[in-house]
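Try each one yourself before reading the solution.

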Amino acid sequence: MREERGYNLEKIADEERDAALGNGGLGRLAACFLDSMATLNLPAWGYGIRYTYGMFRQTWPPPEGSIGSVLASDPCGRGGGCGCGRLSLSTLINGFQHEQPDYWLTFGNPWEIERLVVKYPVQFYGHVSTHQEEGRQVFRWNAGEQVSAVAYDNPIPGFGTRNCINLRLWAAKPSAEFDLQAFNTGDYVQARCDPPPWGCAGVPVARLSSQFVQPGRAAAILSKQRAETLSSVLYPDDRTYEGKELRLKQQHFFVSATIQDVVRRYKDSHPDNWDLFPQKVAFQLNDTHPTIAVPELMRVLMDDHKLGWTKSWDIAAKALGVLAVVVGVLL
């Protein structure tokens, strides 16, 4: 049929750009999980981050007359055996690989379904305060920064079956748009706000002043950019403190949004019946990146749904499972 219409499958496949996922095993393993579960007719969902940029875009041949040397052979700092697939940030030698930013979403993604009504608040920084409610002491997290996680769904069809499961990816968006009144008065970058204990939008006031923002004033457009940074780059360089902080925030971002989504979906079907939760929900954590789900599930159950510590821990211990990726060599 394709040949009759003048199409060739191999030529069509060559037109699609390959996503720069590196050569690590975690992404392939997750993809295998999804394909297998769809094929086995299991009611499973996958969750992750909807990245804007991939690891790099490889161009070949390099620009004419380019010179340079190979930089950083182990940027992730794990000796090259972590399986993350990270390559050097830049190699610029005649006849060798030349890397450039890889913008995945230039033309959008025709397979994804944007779910603007499915979004959850994700919080960072701040402090914890204690309060009395109905004769018991409760703890409240007063966040210093909040972003919104917006859902984008991608259907995953099974092989030889009509079953199709879902891969839900989270995009980070600002929880509030910038101050239009300040913008219209010519204050294009800054907008007033009263900073909480950790500074406006979760950034200490001292740091704000060092970023060309007056103390006590938040950069509204910069705040939008800071929120969207969470879902911008796959595997950001973590050799600096800021890089390590961004990695941790990315992990908390998609874990928190995922747990809120799963708990909400469970409660829609089983309101006020937490005993069935471990029987109906099983989290499979792919390697160590999402293991922050353990304290986050505890926090959601205790703070948002008012369960006690013992009940929350019993649910978390039964519902959460960690898959440690082990690479074996057969000699």
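**Exercise 1.** Is aspartate 272 buried or exposed, and where does it sit?

*Solution.* Start with the surface: aspartate 272 is exposed, at 69% relative accessible area. Helices (H or I, at least four residues) and strands (E, at least two) are DSSP runs, numbered from the N terminus. Last, check the backbone: aspartate 272 isn't a glycine, yet its phi is positive, about 60 degrees.

A quick word on the source: this is a predicted model, so local features need pLDDT of at least 70 and side-chain atom pairs count only at pLDDT 80 or more, while totals for chains, interfaces and linings use all residues. Numbering runs from 1 along each chain as its sequence is written, and side-chain values use heavy atoms, leaving out hydrogens and water.

**Exercise 2.** Find the loop that holds glutamate 134, then look at its phi.

*Solution.* First, the loop joins strand E5 (127–133) and strand E6 (136–142). Then the torsion: glutamate 134 has a positive phi near 55 degrees, and it's not a glycine. Finally, glutamate 134 is exposed, with a relative accessible area of 84%.

**Exercise 3.** Which residues of helix H8 are buried, and what follows the helix?

*Solution.* Then step past the helix to lysine 306, where phi is positive, near 60 degrees.

Notes. Buried means under 20% relative accessible area, exposed over 50%, partly exposed in between (1.4 Å probe, protein chains only).
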